[in-house]
Amino acid sequence: MQANVKKRKYFLATLIQLASHNSPSPDTSKNVKGLMQDLLDAKIEPEEFTSRLHAELKSSPQPDLIPFLRKASLPCISLYSVANSL
């Protein structure tokens, strides 16, 4: 299970980097981080996350993203991130 958590954590970290470096708007990175936090806190479902993410990044939908996120234990990613930052 730890390998799956690492994959999802790597994806989210890469997403932050892309939003930070490839966006014309300085708010994009902040908005993407907020979306990710809402996803990790279970405030939004993967479907809403991907929809809002595509709108924020002005990107085309990625059909494999929802199943990828659904397989993740998002609370585990959050806990894993906290444990590794200590």
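Predicted model: local features only at pLDDT ≥ 70, side-chain atom pairs only at ≥ 80, totals over all residues.
A residue is called buried here when its relative accessible area is under 20%, exposed when that area is over 50%, and partly exposed in between, using a 1.4 Å probe and protein chains only.

Residues are numbered from 1 along each chain as its sequence is written, and side-chain values use heavy atoms, with hydrogens and water left out.

**The overall picture**

The protein chain has five helices and zero strands. Helices (H or I, at least four residues) and strands (E, at least two) are DSSP runs, numbered from the N terminus. Contact means heavy atoms within 4.5 Å. Of the contacts with a separation of 6 or more, 54% are between residues 24 or more positions apart.

**The core**

A nonpolar core is a set of buried Ala, Val, Leu, Ile, Met, Phe, Trp, Tyr and Cys residues joined through side-chain atoms within 4.5 Å. The largest one here has 13 residues, and those with the most contacts inside it are Leu-15, Val-32, Met-36, Phe-49 and Leu-53. Two or more residues each come from helix 1 (2-21), helix 2 (26-40), helix 3 (46-57) and helix 4 (65-71). Helix 2 gives the largest share, five residues. Which residues does Leu-15 contact, leaving aside its neighbours within four places in sequence? They are Val-32, Met-36, Phe-49, Leu-53 and Leu-57.

**A look at helix 2**

Helix 2 has 15 residues and reaches 22 Å from its first C-alpha to its last, close to the 21 Å expected at 1.5 Å a residue. That expected span is 1.5 Å times one less than the number of residues. Its buried residues are Thr-28, Ser-29, Val-32, Leu-35, Met-36, Leu-39 and Leu-40. Seen down the helix axis, they fall within an arc of 135 degrees, so they line one face of helix 2. The arc is that of the directions from the helix axis to the C-beta atoms. On the face turned away from this buried side sit the exposed residues Pro-26 and Lys-30. Just after helix 2, Ala-42 takes a positive phi of about 60 degrees.

Thr-28 touches Ala-19, Ser-23, Glu-56 and Leu-57, not counting residues up to four places away in sequence.

Ile-66 is found in helix 4. Beyond its neighbours within four places in sequence, Ile-66 is in contact with Pro-46, Glu-47 and Thr-50. The C-alpha atoms of Ile-66 and Pro-46 are separated by 5.7 Å, although the two residues are 20 residues apart along the chain.

Rings of Phe, Tyr and Trp (its six-membered ring) pair if their centres lie within 6.5 Å; planes under 30 degrees apart count as stacked, over 60 as edge-to-face and the rest as tilted. That rule gives one aromatic pair. Phe-11 and Phe-68 form it edge-to-face, 5.5 Å centre to centre with 75 degrees between the planes. The pair links Phe-11 in helix 1 with Phe-68 in helix 4, 57 residues apart.

Here is how accessible some of these residues are:

| Residue | Relative accessible area | Class |
|---|---|---|
| Thr-28 | 5% | buried |
| Phe-11 | 23% | partly exposed |
| Phe-68 | 23% | partly exposed |
| Ile-66 | 26% | partly exposed |
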